[in-house]
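Me: Got a new model open here and I'd like to talk it through. Can you take my questions as they come?

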Number of protein chains: 2
Amino acid sequence: MNRKDFLKSGLILGGATLLPTNSVFSQSLIENKTDLLVDKVSMTTNTFDFIGGDIGEWKVIHMNPVCGLPLEKVSYLDILPSMTTKMNKGIWTLTGFTSNVRYAEKDEREKLVAVQSDLGRPSATCAALIPIRKTETWWTMAQDERRKIFEAKSHHIETGLKYMPAIARKLYHCRDIGQPFDFLTWFEYAPQDSDKFEELVKSLRETEEWKYVDREIDIRLIKV
Amino acid sequence: MNRKDFLKSGLILGGATLLPTNSVFSQSLIENKTDLLVDKVSMTTNTFDFIGGDIGEWKVIHMNPVCGLPLEKVSYLDILPSMTTKMNKGIWTLTGFTSNVRYAEKDEREKLVAVQSDLGRPSATCAALIPIRKTETWWTMAQDERRKIFEAKSHHIETGLKYMPAIARKLYHCRDIGQPFDFLTWFEYAPQDSDKFEELVKSLRETEEWKYVDREIDIRLIKV
């Protein structure tokens with residue numbers, strides 16, 4: 001089952017995926033068969049595998065190591081809910097989870113919700129997967145220090161808003177689960193919005209926030 | 001290997017655990033054998049299993065379901081790095097990871113670092129494991145809304161500081177990895193500081209923040 005079929009299968013309610021059990025993470029709970037423990041496990045997975053290999057829904061047209069170690073070249077990419085991919089390994093797999101907002105404030109969040117578009121629009125046949133890692137200096141800063149750089153100095157949210165709804169995006173977190181990147185950033189847009197996307201990426205890379213990025217790969221894709 | 005031996009093994013540098021590979025989360029990377037991917041995987045695990053069962057370093061003296069579904073009664077608890085516990089299941093296992101600070105601001109963080117104590121003090125033979133889940137209302141709030149309730153209204157950090165260094169604490173996150181709780185909160189203290197700990201827990205439970213807690217189990221332990 002690919003992500004599109006999964007999304008279509010009606011198991012998703014408001015962004016939460018309702019599935020009978022598992023995912024790698026809750027396996028120990030299942031094995032334990034502790035009824036009192038599993039009320040929330042019979043429930044949500046927010047974790048996806050980005051599988052680079054020889055098959056997939058997205059064809060890779062370009063892989064550019066912006067900084068830090070590159071990734072092995074692949075021809076196709078598939079994005080699948082983690083619990084469905086145990087047998088499907090590809091050449092590499094990057095795993096990330098969606099989560100609550102970490103920096104957006106109330107008014108910013110309302111603006112984002114009002115203008116952002118969903119993934120999977122038929123017209124959005126172009127995509128970018130940009131895995132990013134930030135330095136230890138970034139992560140040892142307090143919340144207000146990171147927020148100051150993220151928005152007051154780098155205008156991350158404000159810049160993103162300028163390109164919505166043309167550019168749809170989704171952030172997957174992975175630092176906390178021992179992955180080689182901290183974030184998998186994913187963007188979808190129509191071919192006629194390609195210039196806007198280049199502008200957006202260029203703007204963000206020129207910010208103070210980006211001085212804390214020490215590994216970044218820019219992977220561009222088109223829908224098969 | 002229990003957590004104490006693990007901590008003693010010298011693999012931990014500044015809170016980051018240096019290990020050759022794995023943890024459940026990076027297993028797909030290992031199987032892929034992608035050299036370019038594994039630079040950070042050969043590195044850190046911040047993920048621990050809290051295993052309730054018939055054996056362990058901590059003896060359970062009391063389990064009180066404060067709100068929401070209880071947990072099955074157990075006699076002992078062990079805390080182990082996740083990658084070492086695949087064969088050790090217990091009656092239940094709760095898994096959580098340490099992460100960057102989510103609310104503390106620069107001055108608060110400096111105060112915390114200055115007065116907090118480490119886990120594992122020989123005198124700290126009393127402990128509490130308090131797994132907590134918060135409501136969807138909490139998690140759909142923006143960062144500034146959550147921060148306002150957490151500190152401006154509930155004085156969570158300020159209250160915690162009053163009881164340091166007597167009470168050592170560590171926060172493990174688990175909402176993002178499909179666990180039945182959002183946080184595993186862990187506290188260690190000497191028997192003569194038991195009253196202080198009761199005061200701290202009582203203060204926090206009376207805050208506005210706690211109105212958003214919909215599952216909480218209070219597990220008290222003594223060192224074996």
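Me: Start with chain A. What share of its contacts with a separation of 6 or more comes from residues 24 or more positions apart?
Reply: In chain A, 75% of those contacts are between residues 24 or more positions apart. Bear in mind that this is a predicted model.

Me: OK, and what does the secondary structure of chain A come to?
Reply: Seven helices and ten strands. Chain A has 224 residues, and 38% of them count as buried.

Me: What's the mean pLDDT of chain A?
Reply: The mean is 84, with 79% of the residues in chain A at 70 or more. For the complex, the predictor gives an ipTM of 0.80 and a pTM of 0.82.

Me: Where does pLDDT stay under 50?
Reply: Residues 1-34 of chain A stay under 50, and the model has 64 contacts beyond four places in sequence for them. Residues 38-44 of chain A are also below 50, with 17 contacts beyond near neighbours in sequence.

Me: Switching to the core. Which residues have the most contacts inside the largest nonpolar core?
Reply: A:Leu129 and B:Leu129, in a core of 70 residues.

Me: And what does A:Leu129 touch, leaving out residues up to four places away in sequence?
Reply: A:Phe50, A:Leu77, A:Leu184, A:Trp186, A:Ile219 and A:Leu221. One of those, A:Ile219, is also the bridge partner of A:Leu129 in β10(A).

Me: How many residues of strand β7 in chain A are buried?
Reply: Nine of nine, over residues 126-134. Both faces are covered: A:Leu129 is on one side with A:Ala127, A:Pro131 and A:Arg133, while A:Cys126, A:Ala128, A:Ile130, A:Ile132 and A:Lys134 are on the other.

Me: Why the split into two sets?
Reply: In a regular strand the side chains alternate between the two faces of the sheet.

Me: Which strands does β7(A) pair with?
Reply: β7(A) pairs with β9 (residues 183-189) of chain A in the antiparallel sense, over seven bridges. With β10 (residues 213-223) of chain A, the pairing is antiparallel over seven bridges too. On the β9(A) side, A:Ile130 stands opposite A:Thr185.

Me: What about the bond from B:Met164 to B:Pro165?
Reply: That bond is cis, with omega near 5°, and B:Pro165 lies in the loop between α6 and β8 of chain B.

Me: Is phi of A:His155 positive or negative?
Reply: Positive, near 50°, and the residue is not a glycine. A:His155 is in the loop between α5 (143-153) and α6 of chain A. B:His155 has a positive phi of about 50°, in the loop between α5 and α6 of chain B.

Me: Why flag those at all?
Reply: Most residues other than glycine have a negative phi, and most peptide bonds are trans.

Me: Why does A:His155 count as partly exposed?
Reply: Because it has 17 C-beta neighbours inside 10 Å, and buried would take 20 or more. B:His155 counts as partly exposed with 17 as well.

Me: Last one: where is A:Val201?
Reply: In helix α7 (residues 194-205) of chain A. A:Val201 is partly exposed because it has 18 C-beta neighbours inside 10 Å.

Key
Residues are numbered from 1 along each chain as its sequence is written. Chains are lettered from A and ligands numbered from 1 in the order in which they are written. This is a predicted model: local features need pLDDT of at least 70, side-chain atom pairs count only at pLDDT 80 or more; totals for chains, interfaces and linings use all residues. Helices (H or I, at least four residues) and strands (E, at least two) are DSSP runs, numbered from the N terminus. A residue is buried if 20 or more other C-beta atoms lie within 10 Å of its own, exposed if 12 or fewer, and partly exposed in between; C-beta atoms are placed from the backbone. pLDDT is the predictor's confidence in each residue, from 0 to 100. Two residues are in contact if their C-beta atoms, placed from the backbone, lie within 7 Å. A nonpolar core is a set of buried Ala, Val, Leu, Ile, Met, Phe, Trp, Tyr and Cys residues joined through C-beta atoms within 7 Å. Two strands pair if DSSP finds at least two bridges between them.
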